[in-house]
Amino acid sequence: MTDLTTDTDPNPGLFGELADLGRILRTVRSGRRILWLIGGLVAVIAVTAAAQILLNAWNQPFTTR
């Protein structure tokens, strides 16, 4: 098992955390599947948000006086 705790920065920030996640996912066996699931989740959230914006725009004439 590899030691992934070589980073000395106690607060790496968002990009540091994402880099650590990428490093970890490259070392585990099912990392590619996890990346596909993360990508699918992000895509579903984006499509849902876009649909909600379109639905709100469509509903605006019915709720505005």
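In which helix is the place of V42? V42 sits in helix α2, helices being DSSP runs of H or I with at least four residues, numbered from the N terminus. The model is a predicted one, in which local features need pLDDT of at least 70 and side-chain atom pairs count only at pLDDT 80 or more, while totals for chains, interfaces and linings use all residues. Residues are numbered from 1 along each chain as its sequence is written, and side-chain values use heavy atoms, with hydrogens and water left out.

With a relative accessible area of 53%, V42 is exposed (over 50%; buried is under 20% and partly exposed in between, with a 1.4 Å probe and protein chains only). V42 also belongs to a nonpolar surface patch together with L14, F15, L18, L21, I24, V28, I34, L35 and I38, and the accessible area of the patch is about 920 Å². Such a patch joins nonpolar side chains within 5 Å, taken from residues with over 30% relative accessible area and no salt bridge. Two or more patch residues come from each of α1 (13–27) and α2 (31–63), and α1 gives the most, with five residues.

W58 and F62 are four residues apart in α2, about one turn of the helix. W58 counts as exposed at 54% relative accessibility, and F62 counts as exposed at 60%.

Definitions and conventions. Patch = residues over 30% accessible without salt bridge, like charges linked within 9 Å, V, L, I, M, F, W, Y side chains within 5 Å. Areas by Shrake-Rupley, 256 points an atom, 1.4 Å probe, with all protein chains shown as cover. Salt bridge = Lys/Arg side-chain N within 4 Å of Asp/Glu carboxyl O.
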